[in-house]
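Please take a look at the structure below. A short report on its parts follows.

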Amino acid sequence: MVIAAGRVVPQAEARTALTFPPSFTWGTATAAYQIEGAATLDGRTPSIWDTYSRTPGKVRNGDTGDVATDHYHRWREDVAIMADLGVGAYRFSLAWPRIQPTGRGPSVQKGLDFYRRLTDELLEKNIQPVATLYHWDLPQELENAGGWAERDSAERFAEYAALAAEALGDRVPTWITLNEPWCSAFLGYASGVHAPGRTDPVAALRAAHHLNLGHGKAVQALRAHLPADAQVSVTLNIHHVRPFSDEERDVDAARRIDALANRVFTGPMLEGAYPEDLLRDTASLTDWSFVKDGDTKEIRQRLDFLGVNYYTPTLVSGGASAASHGSDGHGNSAHSPWPGADDVAFHLPPGSTTAMGWAVDPTGLHDLLLRLKGDFPQLPLVITENGAAFDDYVNPEGEVNDPDRIAYLEGHLAAVHRAIEAGVDVRGYFLWSLLDNFEWGYGYSKRFGAVYVDYPTGKRIPKASARWYADVARTGVLPVTETTAG
Ligand code: FCB
């Protein structure tokens, strides 16, 4: 407000600008099953997500990834959109069932050629390719053989990693083994809201271990086939878990969920051991004898950075009855994705929510980055996903205005900036997502894109947030209100 001649004149809130380091990477992210379509073309066979989405009642509206955004045919247009946005990097995933359809044996040329064309085009436009090997599309034949609950899956994954690195290592400088293994293990095998839809808590713990082992073996396979300067990492959806109160039972609930969500992966991957408290908390379910001698040594591999996905914090209390459970933000199921933690209740954190019903709270991202710096001081961090779904629509002028998404991104990027100022080594940020896409169990009902997709025609319409993000990415300067700047 300003006072002019005795009158109070409302004025837009004061603005300021936050400048990111010149070397900071600005990118966007997608995943194969969510955008590619072309489910049966060029030798691709079903993955667990094809099977799951074709099972009645599993995915909202019966949606599948059969066509998705048809990126398999429209990739050139999508790269052109990224070039217009001026982003410096693109994180996408390789579809295992396109490259090695049954999860065994030789690679398929046509599948690899798709990624060769895509990466050539990216490089041509000065966009750095960042390839994720596994964003949840396990070849169905491997699930038929027991999936991630079985040890052989780790061997299979390493073999596939070697094939991918051999074929694409000359043009992809940055590799991520797994995307969010927590979702693969616990949503896929315990709560069943993700493929393969199993509801067996012990299978979920076994899956977590075999994903860890697969990661360790894949890092070795990648390093054996990639140039020495290649960057290798993993992406975790580290949950920022907060206790509901200072009461001991709430603090203990937060510790237990932190173990099941985060330390089950960071323990072996970064510290070479499963946390003692995790083994104790789950002792009534399993003795963890599926962890063999030498496994944790193999899982702990040097990483060039840690990929972090963040959307919302997690708020928990202890000592609850199952009936008092709210949603943990990971879909609805009668089965918990948290083995051995049935008395932990989940609460909606305060504040506004996105179309996913997730609380908007950038302080969670800030605090999470500081925590990671405290726990792993030497490890550079990259935000490999952050973004929000809102109920976007095309207005009569043919535009999509999404001020809520811009506010979300502004708040979260300001939080990243604050963390950098506080000394955290954050090297880049990838907006989830480039395009509206198949949002897993929610089908096409949730729009996360900076670019709107009109599914019946496939038409792409950059939203207001895409233009906003393009300015930030081009200049490295984030315009914010004084309040957001903090
Ligand atoms: C993450 C997934 C990504 C997308 C976003 C919204 O858990 O990695 O594929 O679904 O959530």
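## A buried loop residue

N237 has a relative accessibility of 8%. Buried means under 20%, so N237 counts as buried. This is a predicted model, and the values here are computed from it.

Where does N237 sit? Its place is in the loop between β8 and β9, and β9 covers residues 241-243. Leaving aside residues up to four places away in sequence, N237 touches E180, W182, C183, N262 and N309.

Strand β5 holds residues 89-93, and strand β6 holds residues 128-134. They pair in the parallel sense over 5 bridges. Within this pairing, A89 has Q128 in β6 as its bridge partner.

## Around strand β14

Strand β14 runs over residues 426-432. Is this strand enclosed or open? Of its 7 residues, 6 are buried, so strand β14 is largely enclosed by the rest of the structure.

Which strands pair with β14? One is β4 (residues 25-29), which pairs with β14 in the parallel sense over 5 bridges. Here T25 stands opposite G428. Another is β13 (residues 381-386), which pairs with β14 in the parallel sense over 4 bridges. In that pairing, G428 of β14 is the bridge partner of V382, and N386 stands opposite L431. From β13 the chain crosses through helix α14 (residues 403-421) to β14. This β-α-β crossover is right-handed.

## Strand β13 and its other partner

For strand β13, 6 of the 6 residues are buried, so β13 is largely enclosed by the rest of the structure. Strand β13 also pairs with β10 (residues 306-309). The two run parallel, and 4 bridges join them.

## The ligand site

Which residues are around the ligand? They are Q34, H135, W136, N179, E180, Y311, E385, W432, E439, W440 and F448. One of them, E180, is also touched by N237.

For Q34, a polar side-chain atom lies 2.8 Å from an oxygen atom of the ligand. In E439, an N or O atom of the side chain is 2.7 Å from a ligand oxygen atom. For W440, an N or O atom in the side chain is 2.9 Å from an oxygen atom of the ligand.

Terms used:
Residues numbered from 1 in each chain as written. Predicted model: local features only at pLDDT ≥ 70, side-chain atom pairs only at ≥ 80, totals over all residues. Heavy atoms only, no water. Pairing = 2+ DSSP bridges. Buried < 20%, exposed > 50% of the residue type's maximum accessible area, 1.4 Å probe, protein only. Right-handed = clockwise from strand over helix to strand, strands pointing away. Near = heavy atom within 4 Å. Polar contact = N/O pair within 3.5 Å; in protein donor to acceptor, adjacent residues only side chain to side chain. Contact = heavy atoms within 4.5 Å.
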